[in-house]
Amino acid sequence: MTIREELLFDFAVNMPRVLVTGETTVVDNVKKLLVKTDRQVVVYNGRRCTSISGHGFVVTTMKEERMVIDGEV
């Protein structure tokens, strides 16, 4: 993938994106929270679902189609 393609992909409006850093996870383009347990979070992104597994999950922020989750992925 070229740098231009990577930048276009990073800023794609309707694409689901998950960024994991340490024990913080950011999920973009969240339309609906489907499942939230201590070990799993499943969100609907408009066309597809995104599932995140781990343990100790706590949703700390959910606004403007962005969700921030604390816990180990």
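This report walks through the strands, salt bridges and a few individual residues of a predicted model.

## Before we start

Since you are looking at a predicted model, local features here need a pLDDT of at least 70 and side-chain atom pairs count only at pLDDT 80 or more, while totals for chains, interfaces and linings use all residues. Residues are numbered from 1 along each chain as its sequence is written, and side-chain values use heavy atoms, with hydrogens and water left out.

## Strands side by side

Let's begin with strand 7. Strands, like helices, are DSSP runs numbered from the N terminus; a strand is E with at least two residues, and a helix is H or I with at least four. Two strands count as paired if DSSP finds at least two bridges between them. Strand 7 (66-72) pairs with strand 6 (55-63): six bridges join them, and they run antiparallel. Look for His55, which stands opposite Glu72 of strand 7.

Strand 7 also pairs with strand 2, again in the antiparallel sense, over five bridges.

Which residue takes a positive phi in the hairpin of strand 6 and strand 7? That is Glu64, with a phi near 50°, in a hairpin that has two residues between the strands. Glu64 is not a glycine, yet its phi is positive. Glu64 is exposed, because its relative accessible area is 76% (buried means under 20%, exposed over 50%, and partly exposed in between, using a 1.4 Å probe and protein chains only).

Asn29 also has a positive phi, near 65°, and is likewise a residue other than glycine. You'll find Asn29 in the loop between strand 2 (24-28) and strand 3 (32-36). Is Asn29 buried or exposed? Asn29 counts as buried, because its relative accessibility is 12%.

## Three salt bridges

How many salt bridges does a search of the whole structure find? The search turns up three, where a salt bridge is a side-chain nitrogen of Lys or Arg within 4 Å of a carboxyl oxygen of Asp or Glu. The general idea is simple: side chains of opposite charge can pair when their charged atoms come close.

Asp28 takes part in a salt bridge with Arg17, at 3.3 Å from N to O. This pair links distant parts of the chain, with Asp28 in strand 2 and Arg17 in strand 1 (residues 17-21), 11 residues apart. Asp28 is buried, at a relative accessible area of 10%, whereas Arg17 is partly exposed at 36%. Asp28 also meets Arg66 in a salt bridge of 2.6 Å, N to O. Arg66 sits in strand 7 and Asp28 in strand 2, so this pair ties together parts that are 38 residues apart in sequence. Arg66 is partly exposed, with 41% relative accessibility.

Another salt bridge joins the side chains of Lys31 and Glu65, at 2.9 Å from N to O. Lys31 belongs to the loop between strand 2 and strand 3, and Glu65 to the loop between strand 6 and strand 7, so the pair ties together parts 34 residues apart in sequence. Both ends are partly exposed: Lys31 has a relative accessible area of 44%, and Glu65 has 37%. As for Arg17, Asp28 and Arg66, salt bridges that share partners join them into one network.

Now find Tyr44 in strand 4 (residues 40-44). Tyr44 is partly exposed, with a relative accessible area of 30%. Tyr44 and Val30 are 14 residues apart in sequence, but 6.1 Å apart in space, C-alpha to C-alpha. Not counting residues up to four places away in sequence, Tyr44 touches Asn29, Val30, Lys31, Lys32, Leu34 and Cys49 (contact means heavy atoms within 4.5 Å).

Thr50 belongs to strand 5 (residues 49-53) and is buried, at 14% relative accessible area. Its side chain makes a polar contact of 2.6 Å with the side chain of Asn45. A polar contact is a pair of N or O atoms within 3.5 Å; within protein, one must be able to donate a hydrogen and the other to accept it, and residues adjacent in sequence count only if both atoms are side-chain atoms. Leaving aside neighbours within four places in sequence, Thr50 has contacts that include Pro16, Val18 and Val41.
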